[in-house]
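Let's take a look at how one protein chain is put together. Have the sequence and the 3D view ready, and follow along.

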Amino acid sequence: MTSPAARLDAGEDAPAGAAAAQRRVLAVLVAAQVLSGAGLAAGITVGALLAQEMLDSTRLSGLPSGLFTAGSAVAAVLVGRVSQRHGRRPGLAAGYAAGAVGSAGVIAAAVADSAPLLFLSLFVYGAGSATNLQARYAGADLADPGTGAGP
């Protein structure tokens with residue numbers, strides 16, 4: 001008896017259970033893309049406005065976005081390494097968790113009126129962006145081999 005992966009590699013149709021699981025995982029990935037994409041965009045905008053209010057100046061208005069981007073770059077490497085070693089699900093879970101910690105830090109910084117905490121939190125918050133981008137590859141990996149645009 002051949003494994004489901006071998007049948008897929010040979011171009012055979014996926015069993016009904018595998019197809020249902022594939023649809024379920026894809027639905028979760030799409031929902032995560034939509035919700036986290038909207039949340040991340042709103043969060044970085046709010047972060048910039050908070051920094052302007054806390055510092056009472058626009059002099060450092062680009063710093064929140066720069067820290068978010070730097071955090072995203074660092075997280076992309078780390079999420080990629082976790083995904084390579086332990087699988088994509090643990091990597092994505094760790095990245096989304098780090099992004100959630102960063103967002104909680106942004107809220108705490110707003111309550112405490114702490115610019116240093118805000119800047120640190122925005123750096124950590126960048127992990128959510130890197131994870132959101134890497135989650136797209138998980139969706140692409142779910143595509144049936146015969147349905148892609150490749151040769």
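## How the helices pack

Helix 3 (residues 63-86) packs against helix 4 at an angle of about 150 degrees, and their axes are 6 Å apart. Angles over 145 degrees count as roughly antiparallel, so helix 3 is roughly antiparallel to helix 4. The crossing of helix 3 with helix 4 is right-handed. Keep in mind that this is a predicted model.

Which residues meet here? On the helix 3 side you'll find Val79, Val82, Ser83 and His86, and they meet Arg88, Pro90, Gly91, Leu92 and Gly95 of helix 4. Sorted by class, this contact has 4 nonpolar, 4 polar and 1 charged residues.

Now move along to the next pair. Helix 4 (residues 88-112) and helix 5 (residues 115-141) have axes that come within 7 Å and cross at roughly 150 degrees. That makes helix 4 roughly antiparallel to helix 5. This time the crossing is left-handed. The residues of the contact divide into 15 nonpolar, 10 polar and 2 charged.

Here are the two contacts by residue class:

Time to zoom out. The protein chain has 5 helices and 0 strands, running α-α-α-α-α from the N terminus on. Of its 151 residues, 30% are buried. Its accessible surface comes to about 9100 Å², and 66% of that belongs to carbon and sulfur atoms. Among contacts with a separation of 6 or more, 77% are between residues 24 or more positions apart.

Key. Residues are numbered from 1 along each chain as its sequence is written. This is a predicted model: local features need pLDDT of at least 70, side-chain atom pairs count only at pLDDT 80 or more; totals for chains, interfaces and linings use all residues. Side-chain values use heavy atoms; hydrogens and water are left out. Axes are lines fitted to C-alpha atoms, for helices over the stretch in contact, and angles run from 0 to 180 degrees between N-to-C directions. Helices (H or I, at least four residues) and strands (E, at least two) are DSSP runs, numbered from the N terminus. Angles under 35 degrees count as roughly parallel, over 145 as roughly antiparallel, 65 to 115 as roughly perpendicular and the rest as oblique. A crossing is left-handed if the near helix is turned anticlockwise from the far one by less than a right angle, and right-handed if clockwise. Ala, Val, Leu, Ile, Met, Phe, Trp, Tyr, Cys and Pro count as nonpolar, Asp, Glu, Lys and Arg as charged, and the others, Gly among them, as polar. Buried means under 20% relative accessible area, exposed over 50%, partly exposed in between (1.4 Å probe, protein chains only). Contact means heavy atoms within 4.5 Å. Accessible areas come from the Shrake-Rupley method with a 1.4 Å probe; for residues, only the protein chains shown count as cover.
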